[in-house]
Amino acid sequence: MSLSEELQSRFQAQATSLPKDAVETYHIPKDQLTPALRFLKHESDPAYDMLFDLSAVDEAARGDGLTVFYHLLSFSANRVLRLYVSLPAVQPIIPTACEIWPVANWYERELYDMFGVDIVGHPNLRRILMPDYWEGHPLRKDHPNRATEMEPYRLPDERYRRILESVQADDDTESGAGEGEMILNIGPNHPGTHGILRLIVQLEGEEIQDVRPDIGFHHRGAEKMAERQTYHTYIPYTDRIDYLAGAQNELPYVLAVEHLAGITAPPRAQVTRVMLCELFRIASHLVWIASFGHDVGAMAPPFFAFRERERLFDVVELITGGRMHPAFFRIGGVALDLPDGWREAVNNFIKRMPKAVEEYESLLTRNPIFRARTRGIGTLTTEQAIEWGVSGPNLRACGLPWDLRKIKPYSGYDEYDFDVPTAHEGDALARTEVRLAEIRQSLRIVEQAMARMPKGPILAKEARYALPRKDRALQDIETLIHHFIAVGWGMTFPPGESLFITEAPKGMNGYFVVSDGTPHPYRLRIRTPSFPHVQCVPIIARGHMLSDLIVILGSLDYVLADLDR
Amino acid sequence: MSFGHWFLTLGGMVLMLGGLLVTVAFMVYAERRVLALFQDRLGPNRAGPLGLLQPLADALKLLTKESFAPPFVDRMVYELAPVIVPLTVLMSFAVVPLSDAWWLADLNVALLYVLALSSLGVYGIILGGWSSNSKYPLLGGLRAAAQMISYELPMGLALVGVVMLAGSFSLVDIVNAQDVPFIVLQPVGFLVFMVCGVAEVNRLPFDLPEAENELASGYNTEYGGMRFALFYLGEYMGVLLIASLVTVLFLGGWRGPWLPDVVWFALKTFSVVFLFYWLRTSVPRLRYDQLMDFGWKIMLPAALVNIVITAVVGIAWM
């Protein structure tokens, strides 16, 4: 029996017609959800090992109720499966998936936080991104989209006092801390957390008994904002999701929308995209080297890594005009053709980079103190990693060569010759080695992209979906009209949904675009790698020392903006 | 003692104190410039020519800052702690001979006196961490206590070889005994003393009590303004003290050809200080338990073996 037949006969699932992104999709009744998920993870062929994402779409503006979606990923079959569960708009209830995939914990809390869905059987159902005292559920369509639509904000003293009390870290005496234990509040402002992340750590001496992460301080409502931007004006927002990897966020977004429209970017644009993405992968890893080195107590890596990063940004600035946030990709291509002198600039950069990587190695992986500090720290097994939704270099450090650029190539990555570095120990040292090796591979890709850079247009021909060129708009009336409509009002994209997952520097980055045919995305779901990575911190930190916690946090490579969106 | 003698001693003390303060201020400046050179940047170069007035600007800023103490601290101990650190180091300098003729006191137990004072110095850090009534300083203070205990011992033992060779605890006698610098005769003692010295003054890779990435500055988190500056002063004077002890005990003190004694002393001392800077830019920090392991399982046995070998070779020699 095939998987779809089995799902249909055993769980009354209904297959939908294949959506734009060619992801197998089923509607499933709520009472069949738990057995179906369990079946998909353990029994089905292929087995769907990872819960990639879980969120919902509020149907209020185009129908009724809520639709919760699950994206499951099969490593053996290299395939994604989507499940839809329809819920009523009032008092929606859904059973938890935490017992099947522990990673569901935070995703379900987010579902509760953003949509008000009650999760039955969830061990810790509290708000996660919004503060506890927030009223309403932001991603509901009836929740105001901008501050001007809301009442003026007031904070009476009494309410302020209650809020402060609610966020106070438990005192040693009245918390879960036992005899001889201590509660240490790390963050939201702490040099070791790389941003506004709060960890409530239970210590015995300096040994960690438990860690409770408290996130959401960097939440900016990126998904909500998408709902009132046009498809094109949202591109700059994606830059700021993982703000260390600029163009790497634009790629899955524009690819998802391109799938929706059924267009592809011309070859020159594709190669330009790959080149920029790999440059940004290097940029992201450089910041990681800097901050991780500093976490371990070394003083020099930040300066050495930021020196190269500045040079890299000079190249990016020459090509795109921006540095950290280029906003350079367009739906169907890129914004501008490459400028004069780009080849020399890129060449200069990649020429000097190998020597710099040598320096990083001598400062980090070849330093005995660094090795002693990172070996055996924060070890993840491959099974644990998959269970907890870990991806990217962190997963590859466990020994699984899972790199979407190789395994599910997009943007022509299959035409480049590069290796997927892996390590086997799954600890902080292995992660360091993998990332340093990845920089070298990215350099190879950039070099090949440079060598092959084809001639030709930089934007897709389909005038319906590709932004008209401004220079042409000033020449002929037809383009002018298009430009006026597309920029002033926004382009419409066909209704449907489209998920695109790319290999970002930090792991698998997925953008799920739901379109209802208007100029704005009906719903945009951003699945970032940092979210599951931070979620698994308590699991791997228990039993280590306080200093190791900082090493573990650093080695996982998260960015707060990527975590909280 | 005559009036003249008292006058000389007092004058010497004032000179020493002033000299030390100026030296330490410029050590901070030198460290910032040297680290910057190591790290491909310029360092402070705005205040005065080459940024040479930077120490003055820093001192002025720290002196004019509001002397704020958090309401939850144990006030008396909190005030006392930052004084202890520089005080003990300053007292140690009394017995350091800068040259054949320049020293404040030539105690016959000078070496024991220095070790005793450096053990007292740690009280400043522990009490600072304790009296702050805050968790990060507390952890920093505890780390300092563990670290000092683990490194005092091998540090003292490393010097036994030197004492055996010189036959005296007096620093002046020890220098006079070095026709060959003791670093040649006591290489293990030198290494152990150097490593323990770095740990003693909480510098990388042994800066665990501070550990800004973990403990957000550790024992001095709750300190600001001049009180913080006193801790800082103590740390840098500590670096200078260790460097001058290394010079006196292992590098032959002021002795050297051609140049004046004091110049030789300064050259040797600042070379050792430079080593501290170099270390700081090159290595990451050890972990608490690794630090303890290193102290007890490597440093201590090495120091003990060194004593035995020195004794055996010494007897055979005689």
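A polar contact here is a pair of N or O atoms within 3.5 Å; within protein, one must be able to donate a hydrogen and the other to accept it, and residues adjacent in sequence count only if both atoms are side-chain atoms. Hello everyone! With that in mind, there are 8 residue pairs in polar contact between chain B and chain A, both residues at pLDDT 80 or more.

Some housekeeping: this is a predicted model, where local features need pLDDT of at least 70, side-chain atom pairs count only at pLDDT 80 or more, and totals for chains, interfaces and linings use all residues. Residues are numbered from 1 along each chain as its sequence is written, chains are lettered from A in the order in which they are written, and side-chain values use heavy atoms, with hydrogens and water left out.

Back to the interface. Contact (heavy atoms within 4.5 Å) links 27 residues of chain B with 35 residues of chain A. Together the chains bury about 2600 Å², 59% of it on carbon and sulfur atoms; that is the accessible area, with a 1.4 Å probe, that two parts lose on being put together, summed over both.

How many salt bridges are there between chain B and chain A? The count is 2, where a salt bridge is a side-chain nitrogen of Lys or Arg within 4 Å of a carboxyl oxygen of Asp or Glu. Asp40(B) forms a salt bridge with Arg307(A), and their closest N and O atoms are 2.6 Å apart.

On the side of chain B that touches chain A, the residues divide into 12 nonpolar, 5 polar and 10 charged. Nonpolar means Ala, Val, Leu, Ile, Met, Phe, Trp, Tyr, Cys and Pro, charged means Asp, Glu, Lys and Arg, and the others, Gly among them, are polar.
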